[in-house]
Amino acid sequence: MKPSENPLGSEPVSSLLRRFAIPSVIAMLVSALYNMVDQLFIGHSIGVLGNAATNVAFPLSMVCTSIGLLCGIGGAANFNLCMGRREPEHAKSYVGSAISMLAILGVILCVAVQLFLRPMMLLFGATPDVIDYACTYTRITSIGFPFLIVTIGGSNLIRADGSPKFSMLCNLVGAIVNTILDPLFIFVFHMGMAGAALATITGQILSFALVVFYLRGFKTLPLSLSDLKPNMACWARIAALGATPAFNQVAMMVVQIVMNNTLTHYGSNSVYGSDIPLACAGIISKVNMLFFSFVIGISQGLQPIVSFNFGAQKYDRVKDAYKKAVFAATAISIVAFLCFQFFPRQIIGIFGSGSEEYLHFAERYFRIFLFFTFLNGIQPVSSNFFTSIGAPKKGIFLSLTRQIIFLLPLLLIFPYLFGIDGVMYTAPIADLAAASVSIVMVVREFKIMAELQKAAA
């Protein structure tokens, strides 16, 4: 297929966005459900300490996602940009290099976690009552990290190849298997945390197998083993364009670690104790991830459309795609905001019962910490937009605004001033500031595109 015939440059933007975003959303939902399903069954079998343990282990899931997006989105963006510029051989090199990056980094992470497991869990905020649960769970799930990372990154490459439905299928199969095996291993075989972890990695291995099956027959540009040979120049460019979503995940991980330690420290000085805030925050972060799955899925569906059309200098289509993606993400954000404000106790109840203090803290945390959820669709879509047009520095900066530039300093200051309640007021301020910066940067970029369009006319 010649680039000029590529549907990314000719089909209506709305239909393209639906075709690419819906499978991406489902794939992200499935990824979020991996953690939520474990949380749900662990909450009903082990209780608050089990929920706290999965929260302590959660930063490593973010590292896996970060690596997967670094290589997957970086490889996909370069692939689509090259195809838009009619450079098929370069496009092929980026796909092969991305696959090799995913495999190598996945193995390195697995080995590192096995070697330094207990110190990591303590660093991530584990209390004496939680540490053994967290180590049991993470020691097993870390074996699945290489499979998970290749699945996350490979799904983005499959989507860039014009197969968003197969990309979705790769994630869906693993999640279904995990959901079936979780209650079997936990309640029937009485395996506890180890059972939840085994269910998780079994699903991840099956998803990995589907990804490898597809990549062996990559349809746009067939790959050979020589394409998988590490290419440092390609790796550098992949890292540059994949840095935005990767840094966003790393930023979330850093904030999660600081959050866990802050909640444990200031919670111990409150009526809630240290374990209740840790468990509640873990559940709420997973629920919030479910909402963010829609937003991130839309932004990922936007990537091939924007990358190809920017490479082909079709700037009107680039702007149109961005506007439609932000509108869809904001509409979903409003629905999430209403759920978080009006049904917090019902949501937390899904993950097991607890004391009145537990439910009261969770209810307040939902309503205050997530107050500006209705703005949270703007920043992720905007940061991925800059990555997709080959402007990684802007994308990286924007991806760091909410978590690192705004939220992290507030997490260090507000709890010192206001105790455990100070944690809750950090997120609304960071959300508002990040959305405002995003809007300003995108408006400026649109003006630059208008000038480029005039120069090309």
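Biologist: At what angle do helix 3 and helix 6 pack?

Modeller: This is a predicted model in which local features need pLDDT of at least 70 and side-chain atom pairs count only at pLDDT 80 or more, while totals for chains, interfaces and linings use all residues. Residues are numbered from 1 along each chain as its sequence is written, and side-chain values use heavy atoms, with hydrogens and water left out. Helices are DSSP runs (H or I, at least four residues) numbered from the N terminus, and axes are lines fitted to C-alpha atoms over the stretch in contact, with angles from 0 to 180 degrees between N-to-C directions. Helix 3 (residues 88–115) and helix 6 (residues 145–160) have axes 8 Å apart, and their packing angle is about 155 degrees.

Biologist: Is helix 3 roughly parallel or roughly antiparallel to helix 6?

Modeller: Angles under 35 degrees count as roughly parallel, over 145 as roughly antiparallel, 65 to 115 as roughly perpendicular and the rest as oblique. With an angle of about 155 degrees, helix 3 is therefore, relative to helix 6, roughly antiparallel.

Biologist: How many nonpolar residues does the contact of helix 3 with helix 6 have?

Modeller: Contact means heavy atoms within 4.5 Å, and the residues that meet include Val 95, Ala 98 and Ile 99 in helix 3 and Phe 145, Pro 146 and Ile 149 in helix 6. Ala, Val, Leu, Ile, Met, Phe, Trp, Tyr, Cys and Pro count as nonpolar, Asp, Glu, Lys and Arg as charged, and the others, Gly among them, as polar. Besides three polar and no charged residues, the contact of helix 3 with helix 6 has nonpolar residues numbering 14.

Biologist: How are helix 2 and helix 6 oriented to each other, roughly parallel or roughly antiparallel?

Modeller: The axes of helix 2 (residues 48–84) and helix 6 come within 8 Å and cross at roughly 25 degrees. Helix 2 and helix 6 are therefore, to each other, roughly parallel.

Biologist: Which residues of helix 7 make the contact with helix 6?

Modeller: The axes of helix 6 and helix 7 (residues 164–188) come within 7 Å and cross at roughly 165 degrees. That makes helix 6 roughly antiparallel to helix 7. Thr 151, Ser 155, Ile 158 and Arg 159 of helix 6 make this contact with, on helix 7, Pro 164, Phe 166, Ser 167, Cys 170 and Asn 171.

Biologist: Which helix gives the largest share of the lining of the largest cavity?

Modeller: On a 1 Å grid over the protein atoms alone, a cavity is a set of points where a 1.4 Å probe fits but cannot get out, and lining residues have an atom within 4 Å of a point. Grid points are joined across faces, edges and corners, and a volume is the space filled by probe spheres set on the points; the largest cavity holds about 780 Å³. Its lining divides into 23 nonpolar, 18 polar and three charged residues. The largest share of that lining, nine residues, comes from helix 10 (residues 275–311).

Definitions and conventions: Helix = DSSP H or I, 4+ residues; strand = E, 2+ residues; numbered from the N terminus. 1 Å grid on protein atoms, 1.4 Å probe; cavity = no way out; pocket = protein on both sides within 12 Å on 5 of 7 lines; lining within 4 Å.
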